[in-house]
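Subject: Structure handover

Hello,

Here is the structure you asked about. Please open it alongside this note; my findings follow below.

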Amino acid sequence: MAQMIRKIDTKLNFRSNIPPSVYYNRRMRLDVGTHLKAVRQMYGLSQRELAKRAGVTNGLISLIEQNRVSPSVSSLKKVLDGIPMALADFFTLDLGGQPQVFFPREELSDIGTASVELRLVGSRLAKRSMSILHERYAPNADTGEEMLTHAGEEGGVIVKGKIELTVGGESRVLGPGDAYYFKSSLPHRFRNIGRDECEIVSASSPPTF
């Protein structure tokens with residue numbers, strides 16, 4: 001049986017860290033029809049549109065979603081190619097709780113100081129791969145006398161006001177519409193040298209907040 005699974009795995013070019021035997025065990029535990037319907041709707045596809053993309057009949061999609069037929073690995077892969085989605089992603093995607101997508105301003109955690117407001121998007125999201133900040137600097141506010149250094153990269157766009165950004169040994173005053181992008185391992189500092197509040201939207205990866 002294991003040898004047969006390996007042959008099928010090789011034939012389908014099943015690129016995944018999940019061993020074929022584990023894949024088959026998971027398939028037995030998963031309600032494939034209900035799962036496929038949820039995934040299809042998540043991508044905003046009708047049965048007819050998915051069938052057209054996958055090159056199958058919409059009747060087949062309907063039968064699978066009603067669990068009236070149990071699709072073979074090759075059939076399911078063909079259907080998922082129409083999304084597109086890999087087999088591994090299909091069987092490991094957790095649809096039990098949809099992650100939050102929209103964040104009202106009052107839900108953005110302020111992790112700044114009295115003179116520097118740093119509102120973090122999605123602060124409660126697990127395993128974030130980046131940090132997105134809505135930054136506001138009061139006149140004369142800065143990130144501190146000591147230069148900041150940390151792993152990763154960061155970038156942003158100045159929305160309002162002016163900010164003096166120092167990266168390494170170079171300083172530049174940026175205004176509305178200006179942007180920056182640099183490796184965060186370089187010593188850097190932000191300082192509002194203007195008379196008005198400065199507003200920035202920025203992102204950094206990996207997340208440092």
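The protein chain has 7 helices and 9 strands. Both are DSSP runs numbered from the N terminus: helices are H or I with at least four residues, strands are E with at least two. This is a predicted model, in which local features need pLDDT of at least 70, side-chain atom pairs count only at pLDDT 80 or more, and totals for chains, interfaces and linings use all residues. Residues are numbered from 1 along each chain as its sequence is written, and side-chain values use heavy atoms, with hydrogens and water left out.

The chain overall. Of its 209 residues, 35% count as buried (under 20% relative accessible area; exposed is over 50%, partly exposed in between; 1.4 Å probe, protein chains only). Contact means heavy atoms within 4.5 Å. Among contacts between residues at least 6 apart in sequence, 61% join residues at least 24 apart.

The sheet. An open sheet holds 6 strands, in the order E1-E2-E3-E9-E4-E7, with antiparallel pairing. Strand E1 (109–110) and strand E7 (179–183) are the edges; each has a single partner strand, so one side of each lacks a neighbour in the sheet. Two strands count as paired if DSSP finds at least two bridges between them. Strand E4 (residues 153–160) and strand E9 (residues 198–205) are joined by 7 bridges. Gly-156 sits opposite Ser-202 in E9.

Helix H4. This helix spans residues 47–54, and its buried residues are Leu-50, Ala-51 and Ala-54. They cover an arc of only 100° around the axis, so they lie on the same side of H4. The arc is taken from the directions from the helix axis to the C-beta atoms. Arg-48 and Lys-52 are exposed on the other side. The buried residues of H4 pack against helix H3 (32–42), helix H5 (58–65) and helix H6 (73–81).

The cores. A nonpolar core is a set of buried Ala, Val, Leu, Ile, Met, Phe, Trp, Tyr and Cys residues joined through side-chain atoms within 4.5 Å. The largest has 19 residues; Leu-76, Val-79, Leu-80, Ile-83 and Phe-90 touch the most other members. H3, H4, H5, H6 and helix H7 (87–92) each give two or more residues to this core. H6 gives the most, with 4 residues. Another core lies apart from it, with 16 residues, among them Leu-120, Ile-158, Phe-182 and Cys-198.

Best wishes
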